[in-house]
Amino acid sequence: MTESIHPSRRTVVTALGAIAIVALPAWPETARAADGSAMAAASGPVLDSHPATEPSGTHVRDVGGTNVVFQYGTVLPAFDGWRTHEPARDYVSLDKRWRFRFDPDDQGLDETWQSPHHDDRTWDHADVPAAWDLLNTPGFGSQTTPFGKGTAFTDGYAWYRTTVDVPASWRARHVRIAFLAAGYSAEVWLDGTHLGKHEGANSPFALPVSGALRPGRRQTIAVRVFRRASYTDYTAATPQPVTDDHELPYKPVDYWPYAGLTRSAWIEAVPQVTIAKLLVAAAGGSLEAHAVVENHSTTDFDGHLTLDPGRGSGGRPTVVAARIAARSAGVVRVVVRIPGAPRWSPAAPQTLTARATLAAGRSSGPRVDTLSTVYGVRELRIADAQLRLNGKPLFLKGLNWHEETAAHGRALTPAEYDRELGHVTTLGANFIRNCVYNRHPYVYDWADEHGVLVMDDIDTMWLNTAQEKLQTERYGLARALALTMAWNQHNHPSVILWGLQNESEIDANGAPLYRAWLADLKAAVNAVDLTARPVTWASNTSNDPAFDLADVIGFNEYFGYFYGEDSDLGPTLDAVHAKYPDKPILITENGTWSIAGTHGPATTQGTEEWQAASLTAHWAQVSARSEFVVGFTYWVLKDYKQRAGYNQAYNGISVMGLLTFAEERPKLVYDRFRKAVNPRGR
């Protein structure tokens, strides 16, 4: 949903670009994270408390024709600080060893563990980034270790504390603390001042420190992280699930809910007048850039912005006026010709780097701030039931994959990402689906560089009708995740599809709630995406009553495994195409399972031969219909961990992968997938 707000002053138009501003929204400097203390579920485990709406205040404001995403009262900034340090900014990494303590009785708040005066010398230690699941869980990656022991099954609250020496020079800076992920939710304090709460285990967030900062002093950062228990007893013969309708996902699902500060964190000090975000769209020989500028100072800013489209673009730096009122956010729009820029494609993934530089004065003056972004020139559209990239029809030979390793859970190292994602190119795949959550920024950068196309997803998995209603009409976390997905991944040429949900419930009364929920999520991503990427989702049925809302029809199918016969797929695809002849169809999931090393007839479930034969049968039916089926996404690249005990799980390891979980040893189906011929080439 877009909230239209009139600018606080007239839009300024120049010959080279346009500027628009809007006053920063009225959002409390100290966000209230909860409307009560933690609650005990009827079955015993602690549930986190929730405010009336999701706690970050995520929303869109129309700033002179550009929709801008706000959180915590400021523009949701770019999160490139994990790898790129802009010259006008200061950075303090928080990737280090923190003090750490579990809080099973939820006593930390009452005992003021957030206070800088709290004595934490007897606390344990934990690395950041890391998942607390791996602190002490022997045999986490083994299929034979007994299930239910170790810190992988420690739920509820845990606390992190560390200190930082704040430079005295930061008195005239705007300072924020950035986290790339905290699972499942996190509250943050600086010297005992509550900065805010974030909900959603896999999306980055940045909290402005405002009045809590004490430049020239040592200050204490405290973070309280929460993870809901999946079951009341993990070792019970019939485990009883623990649910919370506000959370996403709201119940146990078949992937592991890694806990803790699982990705990088840092403090970023930027100028009072700063470029918070640079949105770009490149096609047709032009680069359109929207520089979102915040003025946190008490005086109006009158300067200029220079946009350099980058080496190899054939374009020249272009200068436009930048006038931003005090305590306001504005957008500076620039269109630059880039006649020499190469097109980005899987076969030739050539990227460029654009840089925006903000300076004082109308023609010349000191540099104030800079922000760069990587982009690619590509044109994506749908025509004649095909998905076309740069005018050529695509066929997506794809893989679902989970972001985890046996050694580090969801806190992968760069070497682990390279190894995991290296299988994608080895297998000849050109597409990955980020089922069902956003990935580390490293993944999108890798995909840009390697020419692998991406469907991005959010944590909206297995929702029921009541929760769809709650999310749409009141709580808004699903919408917030959709907005931040499109905002954060906007500039990546590899990202070609927005995924809205996975296998959620369709209400029985004509599906009005289901349709309203999906329409709300689609409106959210469309509101901020300048390139209008196609929208899809992974439906649990080929007869989804909201397929008319999708740009690409996506559904999961398990013919020959959960239901029907392998041969049922072809007629099903024909029926969907007959009903929606102008829409491309994407198989978002299909797969079976095998226990590595188990061999036998291709008709015997659980053998490597059966798993491989199933893939062959489904691939043949899909690739024969490439005039309207635009891809097939196998479930899944690698065996994966879960708590649900669903779908052939051994010590929580589901064995549906092309590779084993810990050893990453290929099964027979790995080679079968590699040899599957893409009907449209790369």
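Analyst: In this predicted model, strands S26, S27 and S28 form an open sheet, in that order, with antiparallel pairing. S26 and S28 are the edge strands, each pairing on one side only. As background, strands of a sheet pair through backbone hydrogen bonds, either parallel or antiparallel.

Let's begin with the pairing of S26 and S27. Strand S26 covers residues 380-383, and its antiparallel pairing with S27 runs over four bridges.

Strand S28 spans residues 392-393 and is joined to S27 by two bridges, with the strands running antiparallel. Here Arg388 turns up again, standing opposite Pro393 in S28, while Leu389 stands opposite Lys392. S27 and S28 also make a hairpin with two residues between them, and Asn390 in the turn has a positive phi of about 55°.

Now for the two faces of S27. In a regular strand the side chains alternate between the two faces of the sheet. Strand S27 takes in residues 386-389, with Gln386 and Arg388 on one side and Leu387 and Leu389 on the other. Are these residues buried or exposed? All four are buried, and both faces of the strand are covered.

For context, here is another strand, S36, made of residues 629-634. Six of its six residues are buried, so S36 is largely enclosed by the rest of the structure. Strand S29 (residues 396-400) runs parallel to S36 and is joined to it by four bridges; in this pairing, Gly398 has Thr633 as its bridge partner. Strand S35 (residues 585-590) is also joined to S36 by four bridges, again in the parallel sense. There you can find Ile587 opposite Phe632.

Finally, let's turn to a helix, H3, which runs over residues 465-475. At its start, a side-chain oxygen of Asn464 reaches to within 3.3 Å of the backbone nitrogen of Ala466. After the helix comes Gly476, with a positive phi near 80°.

The buried residues of H3 are Thr465, Gln467, Glu468, Leu470, Gln471, Thr472 and Tyr475. What do these buried residues pack against? They pack against strand S15 (193-199), helix H4 (477-488) and helix H5 (512-528).

The meeting of H3 and H4 deserves a look of its own. Their axes come within 7 Å and cross at roughly 75°, which means that H3 is roughly perpendicular to H4. On the H3 side, Gln471, Thr472 and Tyr475 take part, and they meet Leu477, Ala478 and Arg479 in H4. The residues of this contact divide into three nonpolar, two polar and one charged.

How values were computed: Residues are numbered from 1 along each chain as its sequence is written. This is a predicted model: local features need pLDDT of at least 70, side-chain atom pairs count only at pLDDT 80 or more; totals for chains, interfaces and linings use all residues. Side-chain values use heavy atoms; hydrogens and water are left out. Buried means under 20% relative accessible area, exposed over 50%, partly exposed in between (1.4 Å probe, protein chains only). Two strands pair if DSSP finds at least two bridges between them. Contact means heavy atoms within 4.5 Å. A polar contact is a pair of N or O atoms within 3.5 Å; within protein, one must be able to donate a hydrogen and the other to accept it, and residues adjacent in sequence count only if both atoms are side-chain atoms. Axes are lines fitted to C-alpha atoms, for helices over the stretch in contact, and angles run from 0 to 180 degrees between N-to-C directions. Angles under 35 degrees count as roughly parallel, over 145 as roughly antiparallel, 65 to 115 as roughly perpendicular and the rest as oblique. Ala, Val, Leu, Ile, Met, Phe, Trp, Tyr, Cys and Pro count as nonpolar, Asp, Glu, Lys and Arg as charged, and the others, Gly among them, as polar.
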